[in-house]
Amino acid sequence: MTATPIAPSAAETDLSDLDLFTAGPPWAAFDTLRRLAPLHWNPEAAPNHGFWSITRHADIVAVTRDEATFSSEIGAANLEELDDAQMEIRKSMLETDGARHFALRRLLQRDFSARALAPYETFLRGLTSTTLDAALAKGGYGKDPIDFVAEVSADFPIRVLVRLLGIPDEHAGQLISWGNRMVGNTDPDEADVLLDSPESEQYRNLPFRSPAALEVFAYGDELARQRRGGEGDDLVSKLVNRVPEDGVPLSERDFHNYFLLLVVAGNETTRHTISHSMKALIDHPEAFAQLKAQPELIRPAVEEFLRWASPVYHFRRTATRDVELHGQTVKAGDKVVVWWPSGNRDETVFDDPYRFDVQRDAREHMAFGKGGPHLCLGNQLARMEIRIMFEEIVRRVDSAERLGDLRRVRSNFVNGIKAFPIRMIGT
Ligand code: HEM
């Protein structure tokens with residue numbers, strides 16, 4: 001790769017440095033890169049080889065739409081560098097291109113459409129009400145603060161997923177713990193085996209290099225065994241009984257990785273969006289008051305919540321050929337990393353991007369990706385969960401305040417909140 005000299009502040013930016021993310025997204029670094037080094041070569045410590053960062057909205061769209069040049073199938077979805085054998089074992093739909101990706105996605109695409117999800121609205125509203133009532137009872141005036149994550153945002157998305165997968169409610173806690181251990185693989189509070197530890201070497205063939213993946217696979221296998229050949233309407237039954245449109249049935253490995261992807265993808269991301277959005281509403285009481293006065297604004301405001309929260313930091317592609325971009329050459333085989341939060345603060349797309357404005361048209365946000373083949377499969381489900389959560393919050397909560405510092409996940413993959421002490425007063 002042939003990186004031209006760039007302004008020192010951009011050159012010094014290292015997005016592989018997790019310390020840069022401890023206080024939240026490194027907004028200043030993203031701003032600098034967008035302005036001065038829209039294609040930025042980021043060296044990495046061995047055994048990795050470095051990556052290109054893409055930070056402008058338009059470039060992120062172009063890269064993620066062009067899977068012939070920027071493949072998801074060569075290399076991994078994240079910064080970790082996998083050999084071909086590891087890649088073959090670990091690949092899910094996220095790490096697949098072309099016709100096979102399309103067929104895998106189509107297997108459940110209809111089940112994640114707004115129309116298919118509409119019947120869950122009543123269930124979701126009931127679940128939200130129960131969750132919020134319990135949290136409000138626990139944390140009113142004169143009582144200890146509640147942790148919004150533990151009491152509200154963590155439980156809710158997983159309880160929905162548990163319903164879709166046809167799993168007993170009492171297993172929800174177990175799924176949360178698996179998700180935390182895998183996605184939090186760079187945070188010593190969350191993971192039992194850290195990604196960059198020597199111990200992780202024995203788990204190199206597992207997603208996230210995490211032993212939790214083995215437990216998820218075993219759990220999925222048991223569900224598959226029970227449901228194979230049955231008539232069930234849940235997502236696991238559909239995965240084991242449907243044949244993808246390309247006629248190639250799911251192998252055991254395909255099933256493992258598909259099931260694990262659903263457990264992980266549908267859990268943390270929505271949780272963190274809800275936590276970030278609650279924080280934004282506490283920090284901007286005028287916005288909270290506006291939504292309380294006009295709850296019909298919540299549906300469009302969900303897009304601003306997603307833009308603001310940007311819960312996924314990056315995904316990676318790998319160049320399949322040499323390609324020129326901003327006067328530099330990305331070489332075949334180079335890692336190319338798109339930073340969604342940076343695109344969500346791109347001033348050429350969002351006017352005054354650091355203003356939280358529940359009335360702005362934020363539909364160009366890229367929290368779910370943007371128009372590429374891997375656009376989040378669960379985007380309609382996530383939107384519905386977030387909308388219903390805040391429709392119920394504005395109905396039930398009169399005021400809320402922060403009582404202490406929030407704790408963040410140590411990660412440059414998820415922009416996560418581990419704990420968020422607040423007081424909520426009911427109406
Ligand atoms: C606020 C919540 C969520 C956010 C911010 C989010 C974000 C993302 C992003 C950024 C991608 C990759 C897009 C790309 O590379 O172009 C993705 C893919 C995916 N998401 Fe989500 N997601 C969320 C919720 C969910 C939910 C609830 C589910 C399902 C239960 C889900 C399932 C998936 C799947 C299966 C993929 C892979 C799609 C593919 O490879 O074709 N996500 N998500």
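Mentor: We may begin with a definition: a charge sits over a ring if NZ of Lys or CZ of Arg is within 6 Å of the ring centre and within 35 degrees of the ring normal. Please note also that this is a predicted model.

Trainee: What makes R163 a residue that lies over the face of F123?

Mentor: R163 is 3.9 Å from the ring centre of F123, and the limit is within 6 Å. The charged end of R307 likewise sits over the ring of F350, 5.2 Å from its centre.

Trainee: Why is the pair of W41 and W52 called edge-to-face?

Mentor: The ring centres are 5.0 Å apart and the planes stand at 70°. Centres within 6.5 Å make a pair, and planes over 60 degrees apart count as edge-to-face; the pair is therefore edge-to-face. W41 belongs to strand β1 and W52 to strand β2, so the pair ties together parts 11 residues apart in sequence. Both W41 and W52 are buried.

Trainee: What makes C376 a donor of the iron atom of the ligand?

Mentor: Its SG atom is at 2.3 Å from the iron, and S atoms within 2.8 Å of the metal count as donors. C376 is the only protein donor, and it is found in the loop between α17 and α18.

Definitions and conventions. Residues are numbered from 1 along each chain as its sequence is written. This is a predicted model: local features need pLDDT of at least 70, side-chain atom pairs count only at pLDDT 80 or more; totals for chains, interfaces and linings use all residues. Side-chain values use heavy atoms; hydrogens and water are left out. Donors are N, O and S atoms within 2.8 Å of the metal (3.2 Å for Na, K and Ca); water is not among the atoms, so sites may look incomplete. Helices (H or I, at least four residues) and strands (E, at least two) are DSSP runs, numbered from the N terminus. Rings of Phe, Tyr and Trp (its six-membered ring) pair if their centres lie within 6.5 Å; planes under 30 degrees apart count as stacked, over 60 as edge-to-face and the rest as tilted. Buried means under 20% relative accessible area, exposed over 50%, partly exposed in between (1.4 Å probe, protein chains only).
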